[in-house]
Amino acid sequence: MINPPEKQPPKLLDQVRDRIRVKHYSLRTEDAYVGWIKRFILFHNKRHPREMGAREIEAFLSYLATERDVSASTQNQALSAVLFLYKEVLEMQLPWLDGVTRARKPKRLPVVLTEDETKRVLAGLPGRWSLIGRLPKFA
């Protein structure tokens with residue numbers, strides 16, 4: 001009688017997908033998280049995340065900010081994906097990540113016209129557009 005082959009445990013990324021689906025995350029979130037986790041593992045030469053910790057996560061996130069010049073929201077998404085891996089899949093607690101070089105959020109100044117600039121714009125409007133532009137705002 002032939003013994004059935006031993007069932008292998010699911011691969012890490014399959015475990016991530018399974019956990020995401022159990023938690024009812026969107027398919028786009030699943031794709032994004034799996035992609036970031038792959039990049040994290042490849043960045044560290046395919047080391048298993050159980051062998052790594054806060055120092056490696058900090059190095060990856062700092063690399064994204066300094067070498068890849070990603071936006072702050074992109075870096076935050078990568079952080080969320082890696083934290084999901086450790087907390088939800090590997091069930092490991094990580095110390096706070098103080099050594100991360102954070103991506104800078106762009107400074108956005110509001111665009112506001114001066115009273116004089118507003119008058120010039122309104123004066124340049126033709127016909128009924130001028131009338132519409134001069135209507136008071138009711139709110």
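Is Lys 46 buried or exposed? Lys 46 counts as exposed, at 66% relative accessibility. The cut-offs: buried is under 20% relative accessible area, exposed is over 50%, and partly exposed is in between, with a 1.4 Å probe and protein chains only.

Some housekeeping. This is a predicted model: local features need pLDDT of at least 70, side-chain atom pairs count only at pLDDT 80 or more, and totals for chains, interfaces and linings use all residues. Residues are numbered from 1 along each chain as its sequence is written, and side-chain values use heavy atoms, with hydrogens and water left out.

Back to the loop. Lys 46 lies between helix 2 and helix 3. Helices here are DSSP runs (H or I, at least four residues), numbered from the N terminus. Phi of Lys 46 is near 65°, a positive value in a residue other than glycine. Asn 45 lies in that loop between helix 2 and helix 3 too. Its phi is positive as well, about 55°, just after helix 2. Asn 45 counts as exposed, at 67% relative accessibility. For context, most residues other than glycine have a negative phi.

Now helix 2 itself. It covers residues 27-43, which is 17 residues. At 1.5 Å a residue, helix 2 should span 24 Å, and its end C-alpha atoms are 24 Å apart, so the two agree. The expected span is 1.5 Å times one less than the number of residues. Which residues of helix 2 are buried? They are Glu 30, Ala 32, Tyr 33, Val 34, Gly 35, Trp 36, Ile 37, Phe 40 and Ile 41. These buried residues pack against helix 1, helix 3 and helix 4.

Take helix 2 on helix 4. Their axes are 9 Å apart, at an angle of about 85°. That makes helix 2 roughly perpendicular to helix 4. Axes are lines fitted to C-alpha atoms, for helices over the stretch in contact, and angles run from 0 to 180 degrees between N-to-C directions. Roughly parallel is under 35 degrees, roughly antiparallel over 145, roughly perpendicular 65 to 115, and the rest is oblique. By class, this contact of helix 2 with helix 4 has 11 nonpolar, 3 polar and no charged residues. Nonpolar covers Ala, Val, Leu, Ile, Met, Phe, Trp, Tyr, Cys and Pro; charged covers Asp, Glu, Lys and Arg; the others, Gly among them, are polar. On the helix 2 side, the residues include Trp 36 and Phe 40; helix 4 brings Phe 84 and Tyr 86, among others. Contact means heavy atoms within 4.5 Å.

Next, helix 3 on helix 4. Helix 3 is residues 54-66, helix 4 is residues 72-89, and their axes come within 10 Å and cross at roughly 160°. That makes helix 3 roughly antiparallel to helix 4. Among the contact residues are Ile 57, Phe 60 and Leu 61 of helix 3, with Gln 75, Leu 79 and Val 82 of helix 4. By class, the contact of helix 3 with helix 4 has 9 nonpolar, 2 polar and no charged residues.

One residue there deserves a slide. Gln 75 sits in helix 4. At 1% relative accessibility, Gln 75 counts as buried. What does Gln 75 touch, leaving out residues up to four places away in sequence? Its partners are Leu 61, Ser 62, Ala 65, Val 70, Val 100, Thr 101, Arg 102 and Ala 103.

Last, another glutamine. Gln 15 is in helix 1. Gln 15 is partly exposed, with a relative accessible area of 29%. Its C-alpha atom is separated by 9.2 Å from that of Leu 85, 70 residues apart along the chain.

Definitions and conventions:
Helix = DSSP H or I, 4+ residues; strand = E, 2+ residues; numbered from the N terminus.
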